[in-house]
Amino acid sequence: MTTQNKNWDNSLWNKFQQGDNDALGELFQERFRELYFYGLKLVPVAELVKDTIQDLFTDLWSRKEKVKEIANINAYLMVSLRRELLRRASKIRTQTDLDEASSQYFTFSSEDFIIGSETELETRNKLVAGLRHLTSRQREVIVLRFKHEMEFKEIAQVMDLNVQSVRNLLFRALEKLREEMNVGDSVDKQDVGLVLFAFFKEKIKFS
Amino acid sequence: MRQFSENTFESLVADTQFIRWAKGEQVADSQKWEEWKKNHSDKTREFDEACKAVRMFSFATPAISDLEVDYLKQKAFDRSKKQRNTLGTVVWMRRLTRVAAVLFIPLLLFTTWTLLDKKQLETTYSSLVENRMDEEISVVAPIGTRTIVDLPDGSKVWLNAGSQLTYPPIFANNGRTVHLEGEAFFEVSKDETPFNVENFGPTIKVYGTEFNVNAYEEEEVVTVALVEGSVSLAKSGGELFLEPGEVSFFDKSSETIHVERKNLEHFLCWREGKFIFRDASLNSILRVLQRQYNVEFELSNPQLGSYPYNATFQNESLEQIFQLLELSAPIQFDYTKGYLNKDGAYVKGKVRIK
């Protein structure tokens, strides 16, 4: 749904840094849905996520001296939201809940994906099934890259990894996903080209 | 079939502009990727797969209306205004706390110091009063010297040569009593508590301030000369008051006393190193000189001692005094100066009078 590029974000941010409170309001409207999506995948409590996002912005509005230090607002919001949400969630969860919860981060159902001409229903169902075989961090890196369009450097910040680890994590996740989605597939189906990542299979054949 | 280039696929997925274009978002140069595909005909497969991968992850954004987003935004902004106010208060309170802390430290130190100091003083005082009342202080003006003593109540005492003043380190509330052997001039500070001078004669009760006492052990007579204020001489229940300008003479052997109005100068001048003798026997002059100059006299004929003299000396050397006395009487002084013997002990000067 994001139709603006990153430069647009930064120009709003720069305006706010120069004292324009409305610019941060615009940024709120622009970024809210993405943050909300990401937050819900971490902690599926809508009100908690909404509150936390609001608090992040409230904080920026009221603590101008802090604002000057933030160069990359996009990464800042994601890092802060992740940290703050997990902190707050830990208060409302017992320890056993927490252990279960971490594996439940970034779980997806078919409602999470747009059904369009590009993605057929069957593929989507396979995708949802395949994603279940990934670790929560593998799912998170996919979301950050494809949904939020974050650069590897930014993802590294959010997930507290180095850039190379992010790359490895992402491409290993894609490879694993492809394997899971191709289980039980016939060669015919590959030819139809409905199954994505078929190339991986070929790659293995040839290598 | 050509091997699939993982690198090409990965570099496309790593390109955010490509992801946006593949998602169908508006990008600055949408033509770029169409052209890339054309120019890299050998990598069409990688390109297509990358597109498919991106498009597969077409995550749906949770349904939330623009109105709700606006509402949430407004709420967050309003909260920030409140928070800014409380933040301002908090900052102000923090500064105040800091100031208070900075002020508190010296205050604490000062209070502690004052309390400790006061306590220490009290302790010192009470221990002195309790334990050291019996340990009296003695100040001696040795022969040949004069001394000034400051008493604990602020009174001042000039001690003449060969005199000793004994007093307690702290005057108790029931009285200020000092003991004098010799001659002293007193300047007593005003106080409710009575000031007494014990001596070889009657105890002097002081009601005023300045007076001289001459009460040497070797002298027959104790004299008290009152300059200012009021003193009394107390002896076996009776009390004799002196008026300024009066001098009392107490005869130690007969224990009789008489008071005369005298020129006080004669009784006070010793403080300036001056000695005035009027109708004084040679013996009494020699006793003064013994104390002032630390010499011993030896009379070849005891009758010479009762010879009366009128003389005034001021800061003169012993030899000069002898010359003056020789001039006014048929006597001769044979003076052997004092010296240190082999043991380092001082041997007094000796004067033989013929």
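Trainee: Why does B:Phe18 count as buried?

Mentor: The relative accessible area of B:Phe18 is 0%, and buried means under 20%, exposed over 50% and partly exposed in between, with a 1.4 Å probe and protein chains only; B:Phe18 is therefore buried. B:Trp33, at 4%, is buried on that criterion too. This is a predicted model, in which local features need pLDDT of at least 70 and side-chain atom pairs pLDDT 80 or more, while totals for chains, interfaces and linings use all residues. Residues are numbered from 1 along each chain as its sequence is written, chains are lettered from A and ligands numbered from 1 in the order in which they are written, and side-chain values use heavy atoms without hydrogens or water.

Trainee: How many aromatic pairs does the structure hold, and what makes B:Phe18 and B:Trp33 edge-to-face?

Mentor: There are 25 aromatic pairs over all chains. The rings of B:Phe18 and B:Trp33 are 5.3 Å apart centre to centre, with 75° between the planes. Rings of Phe, Tyr and Trp (its six-membered ring) pair with centres within 6.5 Å, and planes under 30 degrees apart are stacked, over 60 edge-to-face and the rest tilted; the pair is therefore edge-to-face. B:Phe18 lies in helix H2 (residues 16-23) of chain B and B:Trp33 in helix H3 of chain B, so the pair ties together parts 15 residues apart in sequence. Helices (H or I, at least four residues) and strands (E, at least two) are DSSP runs, numbered from the N terminus.

Trainee: Why is the pair B:Trp36 and B:Phe47 called stacked?

Mentor: The ring centres of B:Trp36 and B:Phe47 are 5.3 Å apart and the planes meet at 25°, so the pair is stacked. B:Trp36 is in helix H3 of chain B and B:Phe47 in helix H4 of chain B, so parts 11 residues apart in sequence are tied together. Both B:Trp36 and B:Phe47 are buried.

Trainee: What makes the contact of B:Lys37 with B:Asp48 a salt bridge?

Mentor: The N to O distance between B:Lys37 and B:Asp48 is 3.3 Å, and a salt bridge needs a side-chain nitrogen of Lys or Arg within 4 Å of a carboxyl oxygen of Asp or Glu. The pair links distant parts of the chain, with B:Lys37 in helix H3 (residues 31-39) and B:Asp48 in helix H4 (residues 44-56) of chain B, 11 residues apart. B:Lys37 at 31% and B:Asp48 at 30% are both partly exposed.

Trainee: Which residue forms a salt bridge with B:Glu218?

Mentor: B:Arg291 does, with the closest N and O atoms 2.7 Å apart. B:Arg291 is in helix H7 (residues 282-293) of chain B, and B:Glu218 is in the loop between strand E8 (210-215) and strand E9 (221-226), 73 residues apart. B:Arg291 is buried at 5%, whereas B:Glu218 is partly exposed at 42%. The side chain of B:Arg291 also meets B:Glu219 in a salt bridge of 3.2 Å.

Trainee: Why is H8(A) described as largely enclosed?

Mentor: 11 of the 12 residues of H8(A) are buried, so the rest of the structure largely encloses the helix. Among the buried residues are A:Val141, A:Ile142 and A:Phe146.
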